Amino acid sequence: MQSNTKTEEMLKQKNVEGQVSYSTGILTSILSGLGWLFDSYVINIYALALPFIATTFHLKPVALGIVASMFVLGYTIGTIGFGYITDLIGRKPTLSISILGYSVITALSGLAPNVTTFAIGRFLTGVGGGGELPVGATFTSENWPAKRRGLGITLMYLGYPIGYLMAVFAAYILVPSLGWRWIFIGAIIPGLLILIIRSKLEESKRYLMMKKEHEEKGIKKGSYRELFSNKKYLRSFITGALIYISLAYGYYSLSVFLPTYITKTLHQSYIQMIHYMLYLTISYIIFVAIAGYLSDIVGRKPMAIICALIAGIGGYIMFSQTNPHYFLVYGLLPYAAWVGMTWTISIAYVNEIFPTRMRGTGFGASVGAGRVISIFAPIVSGFLASKVGFAGAFKVSALIWLLMILGYVIGPRETKGKVLEEISE
């Protein structure tokens, strides 16, 4: 009887895996990546325009950190909420709701008459934008063959640094001539274009097959109650939470104040800062692609731990440099590991360790747990910067990568090359 059950499961896995192809996967990665690109844009325009926003609203570093944390708070709520919604109504409709909401609100934020209105706009932008990662990553994972699923996530994730480049170019062109508000107002155009392009996407075959099977058998959809009461799912959640505390806290402790660090501490002009961020982002794109590709060969766990060590140790060395040229040279690889290489591998891994019926819920809860902690990252970094300088604040943040290493050590078995249904079984 047990042999028959295993045979049925193997046939089921083969049938489900046969529904996906490289062409479908590439299309999903690109269209999900476009939303992730736009998400990156709306996140990072705040940091790039920070000196001008501070002048307009007469804000000090701690207040700027609070505004940034308002965004992360909304982002956390959106991540957890949209993760659950995508398991409830499907991947495609959830993506549409997400991008429509935060593209409109980003544009309205550019019209804010005071800092309170602007902070509320950033909070609501975060709620909408929070859906891009849990839904897009889930969608992409389910549409790629097992052998190259890590590469599929990498192709989607590359939208993020490209979105950052878009933000950098927008800041370079618009801020000096038209003012910081226009990089927010102009967000409405790419947001609506991506929404229209995404209408061509088809719903995840894995999700549809799972939905049909569960309706026939009367199985309830995954829930947060089940996530925390089932020992296997709880272990996966704890693993994901440890990983995403490192990722989210590390990212927001660095990204919000890095442009300011380059201008104030390294004494570079605004245009020179844009150039520095451009060089760092190009290296980010290159190293992310390499890390994602290697994760399908070496494995998620070893590659992620290596990247975490590069981020932590390399980041400490990077921010020990007082010469701006040395800072750039020593920072190319650590910066890429800090904000990208660790992310692309972890998105794939944490997404893989949850079953289809609650992949969005489990992944969204894991990311959300990390973002709950990261809400305080800009505030803590702003406070530390006022005491020990930005370089000192960044060095303290480098210790957070120890939690990510712990997450991978205690996490479920290696997932590279395995069919999603095989992992969940």
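This is a predicted model: local features need pLDDT of at least 70, side-chain atom pairs count only at pLDDT 80 or more; totals for chains, interfaces and linings use all residues.
Q: Let's start with α2 and α11. At what angle do they pack, and how far apart are the axes?
A: The angle is about 165 degrees, and the axes sit 10 Å apart. Here α2 covers residues 22-48 and α11 covers residues 188-198.

Q: Roughly parallel or roughly antiparallel, then?
A: Roughly antiparallel, because the angle is over 145 degrees.

Q: And is the crossing left-handed or right-handed?
A: Left-handed, as α2 passes α11.

Q: Which residues make the contact?
A: From α2 you get Leu31, Ser32, Leu34, Gly35, Trp36 and Phe38. On the α11 side they are Pro190, Gly191, Ile194, Ile197 and Arg198.

Q: How do those split into nonpolar, polar and charged?
A: The contact of α2 with α11 has 7 nonpolar, 3 polar and 1 charged.

Q: OK, switching to pockets. What volume does the second largest pocket have?
A: About 200 Å³.

Q: Which residues line the second largest pocket?
A: The lining is Leu50, Pro51, Ala54, Thr55, Leu59, Lys60, Pro61, Leu64, Phe257, Thr260, Lys264 and Phe390.

Q: Which elements give two or more residues to that lining?
A: Those are α3 (50-57), α4 (61-89) and α15 (258-264).

Q: Which one gives the most?
A: That's α3, with 4 residues in the lining of the second largest pocket.

Q: What's the lining like by class?
A: For the second largest pocket, 8 lining residues are nonpolar, 2 are polar and 2 are charged.

Definitions and conventions: Residues are numbered from 1 along each chain as its sequence is written. Side-chain values use heavy atoms; hydrogens and water are left out. Axes are lines fitted to C-alpha atoms, for helices over the stretch in contact, and angles run from 0 to 180 degrees between N-to-C directions. Angles under 35 degrees count as roughly parallel, over 145 as roughly antiparallel, 65 to 115 as roughly perpendicular and the rest as oblique. A crossing is left-handed if the near helix is turned anticlockwise from the far one by less than a right angle, and right-handed if clockwise. Contact means heavy atoms within 4.5 Å. Ala, Val, Leu, Ile, Met, Phe, Trp, Tyr, Cys and Pro count as nonpolar, Asp, Glu, Lys and Arg as charged, and the others, Gly among them, as polar. On a 1 Å grid over the protein atoms alone, a cavity is a set of points where a 1.4 Å probe fits but cannot get out, and a pocket is an open set with protein on both sides within 12 Å along at least five of seven lines; lining residues have an atom within 4 Å of a point. Grid points are joined across faces, edges and corners, and a volume is the space filled by probe spheres set on the points.
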